[in-house]
Amino acid sequence: MINSISTCDYELQIDQDISDIYKIRNGRLWAILKNRKLLFSDLNTKPKPLIKIFDKLNKCEDLFVSPDGEFCLIRTNVEHYHILVKDLEPQISPIMPGTKVLCAAFNNLGKYPKPIIFMGTDGGNITYFNLNNDITSTSLLPIILNPATPIDGISIVLFPNGDLRLSIITANKIIPKKLSPDDFLEIEISNPIIPQIPKVRPNQICCENNLVGILTNMMAFEFIVKPDNVNPRQLFYVTPENACGFVVFEEFMLLFCKNGDINVYLNNSENAIETFNIKGATKFEYDSDQGELYAVSPRKISKARPNFYSHILSFIARKFISSRNEEEAISMILKMKFTSFHEMLQYVGHDFSLRLCLFKRILEKMRTVDKSITPQKAAIAHSTLLYYIQLEVEKETPNVKGFSEFALSLIKDGLIDSKVVTNALVYYGWDEPIPYITDPLHIFNIFMQQGETEIAVEQLPRILNDNDFFKAALRVFNHQEEKTIAALSKRSNLLCNKVIPILMKNCSSNFVLSLLQSDKLSNVWINRIFCLFLAEKPTEDLVNKFFIEYRYSSNYEIQFLIRSMLASHQYLRLSTGLMKIMDYDNATLVASKGDPSFAFDLIAQISDPEERKFCATRILRSLTLSNESGKIARKLLEKFDKCGIEASLLMQFLPKDTPSSDLSNVIKDFTTKNVELSKEQQSKIDESLSGCDKAEKLIKGIEEKAATLASTTLCEKCRKSLFTEPGIVYPCSHILHQKCAQDLVNYIQLEPDEKPIDYSIDCPICGFLSVRLIDQPFKTPGVSIERDPWSIDQGRLMSIAIQRRRSTGFIAKLDK
């Protein structure tokens, strides 16, 4: 049976017929007329469609339109143009000359207001330009096709997980690509499947989002690209000979015929499940943005009524409902456009099985999108549970196990109370699953009363409330220590103080020490327990990490760890931790209690000499009473040049009976170094004083000069008033306009090895000659008479000046 479709007609007041090249998106028609001019018509305007014909674009060959109809790319016989609906002014697109764009895809990558246009060319390249930027040139995607063949079609889609997928149709095959969304660099695909396809009909490639459709003479192919599978899913349909167009969807395909028929095919179906007809239509266009179907006549556009996409979905859903295929029916219903949830329920009707399937799908989607518990989600969960119960009650043998598993998943998510499920199970006599669904704390208490601690401890992970969990863990800990700690380690929250008695046990030490790495030291008392265990079994990594982590804390964690480690005599580990937070004073003092030599090794790592001296003095003074300071000082003097401590400081702590012969080498080295240091310092002082004297002489030799300008002061080149435009007064008293100075510089003929003249520094009239004729600052070989090396050779200066006057006219004019 063929279903007739009513239409809403739009008469176009145009003088030429519409050709076979057209697109309708968002109610906007872009078409090439028979005279090859471009036509734009907005079918949404009332009372008549807005029409504009671009007379300047009179040799159009093909066009490509964005999904929302806002942008159009046109290829003419000589140029490419792009047009925006907001101004309808053609702009030349920066396509490389001699290149033809054969296909295009638009995508804003989810972050731009305007799309990026990706284009496939006849040279086998894919180029793009961004409409959001100033368009000066196109960029080339770094994708190489071997061999390079014309690209018939491209599809580019950005999935919610950030995957950017590109499908290239060329040389009777589809090549899948994966790109980086930031720079469009290709990401390698392991073992990609490249589908082979028969010869494609002209203009019979459909690319919509992740759907790629291809129409051949006998078959229609559909390829669905999904983010979790880089290779497209392939679907095949047998098509009649009079097929003239098609549109692909994930669940079905629409095939248009020249007699006005519209055949509906389900996935991989050999025959159409239904046929619709628009009387008199021979050409069709589907508006993917609005879900509308249009019949295109030479000077008329007819829109199918009602919304064709929703109409087809409703029709297919009814087919699935009649065949008791609830899952597929709900898939179609969820894609339909309903104004409210109540309207969707009315469409589904009172079928418990269908409603249960609908509520399950909605709940699954809500749980996937948002993990939090909302009133809406809880209401859907309760309704779903109610329909599930009603459906199972009507069965002779209810599926209690399936119901129990579903109810348990809702309880785990906190969407329903276990008591609701328990009451339902008791009411309908489904006693078997009650122990597995009811309150786990209640089950725990029962098993503890029966002495079944092994079964009771298994209930701990199911207890959701933190307070109840810690109470139960404390009860069972003495019986099942390892399993209790294992359950405790999986909790994200350890803020309850009831957990402290468990953590204080020696068997919990490893777990407590692991809390620093897992960032679970969120409680002051747990921090202190950690410090106690760390003081017993300190490791360098944990000590250093703890000091760095809590160096700015105001809860005295570091002070407590210091006291604990000092009580355990862990001096060396404690000193390395203090060094990490640059507490050199206490670090070296603590280290000296364990190993004074190690303390002085730490002092050598301090970069500040004053800090080194202070720490060394403090340690040596603390060792005075134990008569250890003299031995340490004497030992350090043997290598005083490497220990980083001054020898004079170490000598103060030597025993009085130290023989001078033991210190001869030390004193000699110390004296030598100080003498060398004194000489170096004196040399720098003398050099500084000499520089000051020279600077003073130069300052006294500078003559103070001031230029006095009158209102009649003239430029020395153009002889016009200086104040008519910006000018320069040089130290040599020459006065020039900036422009005149630049002109003079341009006239001067420079030698090949001479540097260009900067008129803002050198006077073009005299400064150039005088500065560049200074003799080199050294004495001429063979000349015994000494003279100032910076003096000017007046004779040479005069001869060059005369030569310059003859060669440049402007100096002669100045003389006059």
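**Briefing: a helix pair, a hairpin and a buried serine**

Helices H1 and H2 cross in a left-handed way (the near helix is turned anticlockwise from the far one by less than a right angle). This is a predicted model: local features need pLDDT of at least 70, side-chain atom pairs count only at pLDDT 80 or more, and totals for chains, interfaces and linings use all residues. Residues are numbered from 1 along each chain as its sequence is written, and side-chain values use heavy atoms, without hydrogens or water.

- The contact (heavy atoms within 4.5 Å) involves H1 residues including Tyr 309, Leu 313 and Phe 320, and H2 residues including Glu 328, Met 332 and Lys 335.
- The contact residues split into 9 nonpolar, no polar and 2 charged.
- H1 spans residues 308-322 and H2 spans 326-335; they pack at about 160°, with axes 8 Å apart.
- H1 is therefore roughly antiparallel to H2 (angles over 145 degrees).

**The hairpin**
- Strands S19 (residues 205-208) and S20 (residues 211-215) pair in the antiparallel sense over 4 bridges (pairing takes at least two DSSP bridges).
- Glu 208 has Leu 211 of S20 as its bridge partner.
- The hairpin has 2 residues between its strands, and Asn 209 in the turn has a positive phi of about 55°.
- Buried means under 20% relative accessible area, with a 1.4 Å probe and protein chains only.

**Ser 180**
- Ser 180 sits in the loop between strands S17 (173-179) and S18 (186-187).
- Ser 180 counts as buried because its relative accessibility is 17%.
- Leaving aside residues up to four places away in sequence, Ser 180 touches Leu 164, Leu 185 and Ile 187.

Terms used. Axes are lines fitted to C-alpha atoms, for helices over the stretch in contact, and angles run from 0 to 180 degrees between N-to-C directions. Angles under 35 degrees count as roughly parallel, over 145 as roughly antiparallel, 65 to 115 as roughly perpendicular and the rest as oblique. Ala, Val, Leu, Ile, Met, Phe, Trp, Tyr, Cys and Pro count as nonpolar, Asp, Glu, Lys and Arg as charged, and the others, Gly among them, as polar. Buried means under 20% relative accessible area, exposed over 50%, partly exposed in between (1.4 Å probe, protein chains only).
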